Amino acid sequence: MLEVKELRKVYGPLTAVNGISFSLQPGDVFGFIGSNGAGKTTTIRMLATLLEPTSGTATLNGVDILSDPMGIRKMIGYMPDFFGLYDDVKVWEYLDFFATIYSVQKKHRPEVIDNVLELTDLTVKRDAMVQSLSRGMQQRLCLARCLVHDPAMLLLDEPASGLDPRARAELKELITELGRMGKIVIVSSHILPELAGFCNTVGIIERGNILAFGPVEQVVQGLQSTRIIRVRVMSDIDGAAGLSKEQPGVVAVETSGDGEVRIEFGGSIAQQADLLERLVKGGQRVISYQEEQADLEDVFLKLTTGAVQ
Amino acid sequence: MAQTKAESNFSKNWRELVIENPMAIEINRFRRRFLEGGRGKSVNTMVLVVAILAYASLLLVIANMSGDFPPVVLIYMQTALFALISPALMYSAISGEREKRSWDLLLVAPITHAQIVVGKFLAALAGITVTFVLFLLPTLFTAITYKGDYSYGSGSIGTVSGTYALIAEEAISLTFGICVAALTLLFSARCKRSLMALGVVLTLNFLALIAFPSLFAMMSNSSSSGEFLFLAHPIFAIMRLDQLSHYRGSYYSSFDSLDGIWYGLPQTLLYLAFTAVFIVWAVKTVNFADGEKKFIPRKINA
């Protein structure tokens, strides 16, 4: 379990991270969302023990980043927003180097390397030179490096930047799999569609402050006092609008020329079901009844101002 | 009690930094990079080929001049080569990691700064050892076969024995190479750019080994004060040892005040001491170029 407590980092007059707190459980894939300069990388670097917090701390499975950084380093895999690869070595040599540094026993190293190569789908590139790999493969190799010591937590800083759509999709799949394996995965990004698919928890940060934190649905719904329901009917659009207005929970109703009724709804889920029932019983031939899904991007734009420090 | 504690600390550090240092894997990286045909990098391959050709030519010359080739010439060459090879081995050790942006990956691993620096240094030692052994074999051959005006066997023609001179000269040369490697590592730790570290060390070598001694020799009227100033100069110390091993008098040199006790061990210890200082300094300030620390820490007023 990761517990971040009042973590704060100050550079002279600039407060990069302003006393943030949150906690994550094993299996959580946490999307850390923020504009450039919001404080994501600083937070991740503090969790990775690369930066000393000005105040506050964090613990991973009870080990404190300040009092036992070596203990933390054994439990984390850190992938920065750049590859940091040695180009004069082969893929297996690169992994062997880091497995040695992470004190993986010599007799277990070949097996560990084979396993992480298989997980990252790089087995066929085992003997290739690192410099010959495509960008997507290099990114997967970086992830493989993070996994050689079987860490409890992965810190991935902008992992998909610069990747093509296929490589992104593969990376998403891999990160989802890592979450299923019970690892805590923190993924920072400012590209929201990148995170929406596989994160089960998100945190939105701006100017060093966390503006929202929690499961994706909760964060999205928490910001919406009402939701939009779009109803398409066969012919009597005014009748449908009239029936809708009578339903408890409906805040406002609008009609459009193409046979669609747009309903702003603030009621419960049961009331939402009742609305459909009312329309059907009222003689309306309903073609579609759809709640407009707000997404992370909407939430992000609503919450943040775009200001950086 | 205190001695036992010191011994215990020493053995703990020795185990952590040398015996069980995971960064000793750097030796393998060094081997792959420099000794496996350049790994497809044309520059590495070219340097390796030129080095092999140069070495083969040297061996041919020695074989051709068998009996007439003074071993000290090889030690001069070896020392001069160390002044170039040591920086070449070490200049990118840490600054290169910064340039490749792999530095963070080492810092976030469960190893100490000392283990990183010492691991890098061990890799350089491997390179220096290879060079040293490559020169030692022909040096021993020439020492045995040389028929010049002094003997390297049981010879005691001069004020120091030929054998002592040979060992001391090799020790000076080797420790000088190690010291330059440590100096380069220090600058590599303190520079953001590898070429900057290389440039600084080569400039310092040029100033210390050639420019200042030449300037001083031109300005000085010789004698004892000059000899003291030249004591730390490896080529000068090797030259003096060579002279002292086959001349009893002092007529050969203009610097004639110091006897054999001043050459060999003092330079070796001096270079080793500097090596230790440079390594410790590199460890202490390894984050300097990351902007986390200042070269001279600013005093914080309460």
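**Entry 1**

I started at Asn61(A), which counts as partly exposed because 14 C-beta neighbours sit inside 10 Å. My cut-offs, with C-beta atoms placed from the backbone: 20 or more other C-beta atoms within 10 Å is buried, 12 or fewer is exposed, and in between is partly exposed. A note before going on: this is a predicted model, where local features need pLDDT of at least 70 and side-chain atom pairs count only at pLDDT 80 or more, while totals for chains, interfaces and linings use all residues. Residues are numbered from 1 along each chain as its sequence is written, and chains are lettered from A in the order in which they are written.

Back to Asn61(A): I found it in the loop between strand 4 (55-60) and strand 5 (63-64) of chain A. Helices (H or I, at least four residues) and strands (E, at least two) are DSSP runs, numbered from the N terminus. The phi of Asn61(A) is near 50°, a positive value in a residue other than glycine. I jotted down that most residues other than glycine have a negative phi.

Next I checked Glu158(A), also not a glycine, and got a positive phi of about 45°. Glu158(A) lies in the loop between strand 7 (153-157) and helix 6 (165-180) of chain A. Is Glu158(A) buried or exposed? With 21 other C-beta atoms within 10 Å, Glu158(A) is buried.

**Entry 2: where chain A meets chain B**

I counted 21 residues from chain A and 19 residues from chain B in the contact; two residues are in contact if their C-beta atoms, placed from the backbone, lie within 7 Å. On the chain A side, helix 2 (69-75) and helix 3 (91-101) each supply at least two residues. Helix 3 of chain A gives the largest share, four residues. By class, I noted 13 nonpolar, four polar and four charged residues on that side of chain A. Here Ala, Val, Leu, Ile, Met, Phe, Trp, Tyr, Cys and Pro count as nonpolar, Asp, Glu, Lys and Arg as charged, and the others, Gly among them, as polar.

**Entry 3: two helices in chain B**

I then looked at helix 8 (residues 162-190) and helix 12 (residues 265-284) of chain B, whose axes come within 8 Å and cross at roughly 15°. Axes are lines fitted to C-alpha atoms, for helices over the stretch in contact, and angles run from 0 to 180 degrees between N-to-C directions. So helix 8 of chain B is roughly parallel to helix 12 of chain B (angles under 35 degrees count as roughly parallel). Their contact has 17 nonpolar, four polar and no charged residues.

Methods:
Angles under 35 degrees count as roughly parallel, over 145 as roughly antiparallel, 65 to 115 as roughly perpendicular and the rest as oblique.
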